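Hi,

Here is the structure I promised to pass on.

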Amino acid sequence: MTQRNGSALTVQGLNAFYGRAHILFDVSLSVGKGEVVALLGRNGAGKSTTLKSIVGLVADARGTRDLNGQDISSQPSYRIAQAGLGYVPEERRIFTNLTVMENLEVGRQPPRAGAPEWTPERLFELFPNLAEMRDRPGGRMSGGEQQMLTIARSLMGNPHTILLDEPSEGLAPVIVEQMARTITRLKSEGLTVLLSEQNLFFARALSDRAYVIEGGRIRYQGTMAELMADEAVRQAYLTV
Amino acid sequence: MDPAFFFIQFLSGLASASNLFLIACGLTIIFGVTRIVNFAHGSFYMLGAYLAYTLTAQLMPILGDVVGFWLAIPLAAAAVGLLAVLMELLLLRRIYHSHELFQLLATFGVVLIVQDLVQTVWGPEELFGPRAPGFTSFVVIFGFRFPEYQLVLIAAGPLVLGAIWLLFNRTRWGNLVRAATQDREMVGALGVNQARLFTGVLFLGGFLAGLAGALQLPVEPANPFMDVNIIAEAFVVTVIGGMGNVLGAFLAALIIAQLQAFGILVFPQITLVLPFLVMALVLVVRPWGLLGKPETTTSHGFAGDRPLRPLGRTQQLLIAGTVAILLLLPLVLGEYGQKLALEVFVYALLAFSLNFIMGAGGMVSFGHAAYFGLGGYGAALLVHHLGFGMEIALLAAPLFAGLGALLFGWFVVRLSGVYFAMLTLAFAQIVWSTAFQWVELTGGDNGMIGIWPSDWASDRTVYYYLSLLVCGAAIAFLWRASHAPFGYTLRAGRDSTLRADAIGIDLKRHQWLAFALAGTCAGVAGSVFVFSKGNIDPGSLAIPTSVDALVMVLLGGIQTLTGPLVGGAVFHLLEAQILPLTDYWRALLGAAILVLVIAFPMGIAGFLRDKLLPDDDRGDDQREAAARGAAEKGRAEAPT
């Protein structure tokens, strides 16, 4: 049940630092091919730093990271992206001066074997809202639309694995539902997903397995069903 | 006056607007993507003119005038583009993540090296280029003769603007550049090789500056002062337009060039000051320029900052020992040695006062020489025009500098980071231009002479002790202020503006006061200096003096209080020893700046501290680092 077709992403002994402040302590996790795995934890637990370290955006991150059998530990972030890892940041980081189409263009990379291939047209089918506003600047979109655009932009790189940092944060309930359907669809396309979340109920509906992080350390790992059955862990690390 | 004359004046304004825009355009694109303010952009412009001079001389005899000339211009531009690429590969790549101070200083180091290089290759004389074949005559407009070539220049601006628009909006590369201007890290995370993008951007910027210089050759001879003359104006245009915004640069170039074209008719003395006045006014109304966007807040502290703590026993003994040595020094030093030592006090105070706002306040001033010069000129004016003695001048001149700092400070503390640096530079240029152009009052380029101490202090040794006392008192005062709650407050604001605001600190007011105090103390240094030298000229408040002050701080070490004192002393002693020996002082200084920025950003005192006191207060350091890390994380995760 843990992994189906080998590992898409393996992180071992990850330690991250901001200046001399130690943020992550020996974080290890793995995501199997085609799996959706949730990284759960409270605000400030280390979720975003974990994802950023994986994509090469934390200057001082030590430990090994392996993507589809390729060691990406010391690669710059553009190489990691070119190796097939998509990243959707929590702050979205849309290019507000660029139109929707131009934002997608920035993310464009050649198709790769073993990963679904995306074109703007296919993405507009996945996100019908975006199709209506191809020439609108990113700065004049609602939060939900921006979140969709961020995911679409990452998909333009035709990744086989995608990291989503709190995709449900700050969105209206109806948009959260739409987001959940989107992630399910991505899974059905064969994409591997690592999802960071505070919202247990959003993660629960989507994820096969979960890791719980607190104080920069992984405190729990198991299937989603096991976590839901373990009241004590949820009380200790997830309730506010 | 004749309206036709005004129209001709307007056309001349358009031609110089084109020239300004071509330079500022590359500058603003480079800043947008790399976040580096490229001081060396003026050097690119100058190199464009010189290369065009050489290429036209080579190509026109072989290929004929027309083909030779019009081929030489783009070739010169492309050659400058390649030089810019070289600078990116060898230098900028190493400092993309450095503090903006290091970036500005490093590119200024390149300016110094290129100046000596150009003089070595092409000599110090003005070099007149050929006239542009096909555009050598005049057209008659409303009865006035107007050079045809000026029409070519007028067309060049809009043509380049159009070409840039097409490049940015119709090509994938341009799309990536625009995206990277907003968030280069995200562009990297989407699989784009930033390094290659930056190299391309430097080529484009260098090409445009080189093109501007090459096109200027038929109008203005190539000369070794083109770089500094143009760079300050190019900064102004870039800042007024909004840094990173090409259209903004175009508008700002139009405004500045037209104001100058008409300003010269109304009030010729104001032409040098005018651009900087406009810039100051624009930044008050729109702090990020006409079309610019607010910068995201960043911390202005330097890596390796440690908490300031009261002096330990060893340090107290060290200081007592140093003071004792300085008191005994005249016993062993001759006239020259005492003069040198006295100047060391002056520069130590200048560097110390700069570091007071820079280290503790996080405010990197590129115009600190203004207050040094105001102190010097204040004293000279009091003695020269009003007949006061040295005693009154030494008391009043620092207040004069302090008033200047109070006035300019009110504007500059509203800004931060690069904009702060640019506005302090602009104000320093205003003071410099005034000293340079108001000949009746200041003696213009020649300055004022015969400013000597009163009789009782005219003995070199007496004046030595007087300088030691005055400079020492000013340093002790700033030292005390750094350790007072006032100093804590400044550092709190430097590390997190938001948090300082949130606990009820009126940060702007503290920064304003600090700026004024630092300016006053720089004025003390300036006034002591003028009585030692006996004269003053505009060089004392020009950009190179501001940069010298920054280099002293950097040389000594920004993170330490003693650093600037060491840096001021070492810098001045080296300068005095090496300057007479070489024709390449500027290139040497430039190279030294590059070495400092790349290899020793912690400076002498910082280096010694790290070597000698590695375990000193480590516990505190880690707590501080943890707090800083949390602050960075907090910023990173804040919703945008």
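Some housekeeping: residues are numbered from 1 along each chain as its sequence is written, while chains are lettered from A and ligands numbered from 1 in the order in which they are written. This is a predicted model, so local features need pLDDT of at least 70 and side-chain atom pairs count only at pLDDT 80 or more, whereas totals for chains, interfaces and linings use all residues.

Let's start with chain B, which is divided into domain 1 (3-224) and domain 2 (316-615); the bounds come from an automatic or database domain assignment. Their centres, taken over C-alpha atoms, are separated by 35 Å. Across the boundary, 18 residues of domain 1 of chain B are in contact with 20 residues of domain 2 of chain B (contact: C-beta atoms, placed from the backbone, within 7 Å). On the domain 1 side, helix 4 (100-122) of chain B is one of the elements giving two or more residues, and helix 4 of chain B has the largest share, with 13 residues. (Helices are DSSP runs of H or I with at least four residues, strands are runs of E with at least two, and both are numbered from the N terminus.)

The largest nonpolar core has 279 residues, and Val80(B) and Leu105(B) are among those with the most contacts inside it. Such a core is a set of buried Ala, Val, Leu, Ile, Met, Phe, Trp, Tyr and Cys residues joined through C-beta atoms within 7 Å. Both domains of chain B give residues to this core, so it lies between them. Not counting residues up to four places away in sequence, Val80(B) touches residues including Phe44(B), Leu47(B) and Phe207(B).

How do the two chains meet? The axes of helix 3 (residues 100-107) of chain A and helix 6 (residues 172-189) of chain B come within 10 Å and cross at roughly 80 degrees. (Axes are lines fitted to C-alpha atoms, for helices over the stretch in contact, with angles from 0 to 180 degrees between N-to-C directions.) Among the residues meeting there are Glu102(A) and Arg172(B).

Arg35(B) is in the loop between helix 1 (3-34) and helix 2 (41-63) of chain B. With 19 other C-beta atoms within 10 Å, Arg35(B) is partly exposed (20 or more would be buried, 12 or fewer exposed).

Cheers

Terms used
Two residues are in contact if their C-beta atoms, placed from the backbone, lie within 7 Å.
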